[in-house]
Amino acid sequence: MIIVNSNNIDFVENETVSGLLKRMKYVFPNVVVKINGRLVKRTDFADTIIPDKSEVSVIHMISGG
Amino acid sequence: MNTQKFEKIKMKLQKSSVGIAGIGGLGSNVAVSLARAGIGRLVIVDFDNVEENNLNRQYYFRDQIGMIKVQALKETIHRIDESVKVDILNHRLIKNNMNKPFRNVDVIIEALDNADIKTMFIEEVMQKLPNVPIVGCSGVAGYGHSDRITTKKLGKLYMVYDEKAKDCNDDVLMAPRVILMANWQANIVLDILLGEDN
């Protein structure tokens, strides 16, 4: 089990950040992702494996300011 | 009014500084609100000029159309309070150099418009200035739905956030929601600088 934006989600072994975003259907191109409080750079999404029991926060950036 | 509390707050805010990246709808309103609250120093960064179509939500006036935004806003702030120190930078924030104007501030406001640039800015500043809190905003477009707005806290990053809002290119930008979220950002700055109110 992992927690994504306060929701319990099944843990998938060897799942990367890119994989999780796809599974969650987060199609937004601009997201800020933190795993257990640590910021993950966008360039590392494809190589960063999410450990079991992780707490993941995903915020997507919407244009307008 | 509790004058003792007010004086204590005033002293603390006078010694504080806030950097603002982008002074459009969000940033210009954050700046004016923080100036009124008594922040000692503001660093404002933008590369635009004031345009007529800014006036429906941004803190500028008809007689400022055509002016450099940072200059116009500095003037407005000084019409409110001459003692606020306003450092202005009239240029675009460039990748790999985005943190530069904000090295000596206590809190940074992300008030940029484009989603790519917002993300780039937050990533870079969080990496290079890991101890400085950033208060960003995502999802200002539209009107109504005030109750969908929340504060998302990720470590030192505070996002004023409406995950259901549309991209501004597919929606409208209107004063009530833009200014509401701008002041939400300004209010978080006070929380950060003064500690939780009790």
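Modeller: Chain A gives 17 residues and chain B gives 33 residues to the contact, where contact means heavy atoms within 4.5 Å. This is a predicted model, in which local features need pLDDT of at least 70, side-chain atom pairs count only at pLDDT 80 or more, and totals for chains, interfaces and linings use all residues. Residues are numbered from 1 along each chain as its sequence is written, and side-chain values use heavy atoms, with hydrogens and water left out.

Colleague: What is the area buried between chain A and chain B?

Modeller: The area is about 2100 Å², and carbon and sulfur atoms give 59% of it. Buried area is the accessible area (1.4 Å probe) that two parts lose on being put together, summed over both. On the side of chain A, the residues A:Ile62, A:Ser63 and A:Gly65 supply 31% of the area buried against chain B, more than any other three residues.

Colleague: What makes the pair B:Glu123 and A:Arg42 a salt bridge?

Modeller: The term requires a side-chain nitrogen of Lys or Arg within 4 Å of a carboxyl oxygen of Asp or Glu. The closest N and O atoms of B:Glu123 and A:Arg42 are 3.3 Å apart, so the pair meets that limit. The count between the two chains is one salt bridge.

Colleague: Why are α2(B) and α5(B) called oblique?

Modeller: Helix α2 (residues 25–37) and helix α5 (residues 175–194), both of chain B, pack at an angle of about 45°, with their axes 8 Å apart. Angles under 35 degrees count as roughly parallel, over 145 as roughly antiparallel, 65 to 115 as roughly perpendicular and the rest as oblique. The two helices are therefore oblique to each other. Among the residues that make this contact are B:Val30 and B:Leu34 of α2(B), and B:Ala182 and B:Val189 of α5(B).

Colleague: Why is α1(B) described as roughly perpendicular to α5(B)?

Modeller: The axes of helix α1 (residues 3–14) of chain B and α5(B) cross at roughly 95° and come within 11 Å. That angle makes α1(B) roughly perpendicular to α5(B). In this contact, B:Ile9, B:Lys12 and B:Leu13 of α1(B) meet B:Leu190, B:Leu193 and B:Leu194 of α5(B).

Colleague: Why are α2(B) and α3(B) called roughly parallel?

Modeller: Helix α3 (residues 69–80) of chain B and α2(B) have axes that come within 10 Å and cross at roughly 25°. The helices are therefore roughly parallel to each other. Here B:Ser28, B:Ala31, B:Val32, B:Ala35 and B:Arg36 of α2(B) touch B:Leu73, B:Ile77 and B:Ile80 of α3(B).

Technical notes. Chains are lettered from A and ligands numbered from 1 in the order in which they are written. Axes are lines fitted to C-alpha atoms, for helices over the stretch in contact, and angles run from 0 to 180 degrees between N-to-C directions. Helices (H or I, at least four residues) and strands (E, at least two) are DSSP runs, numbered from the N terminus.
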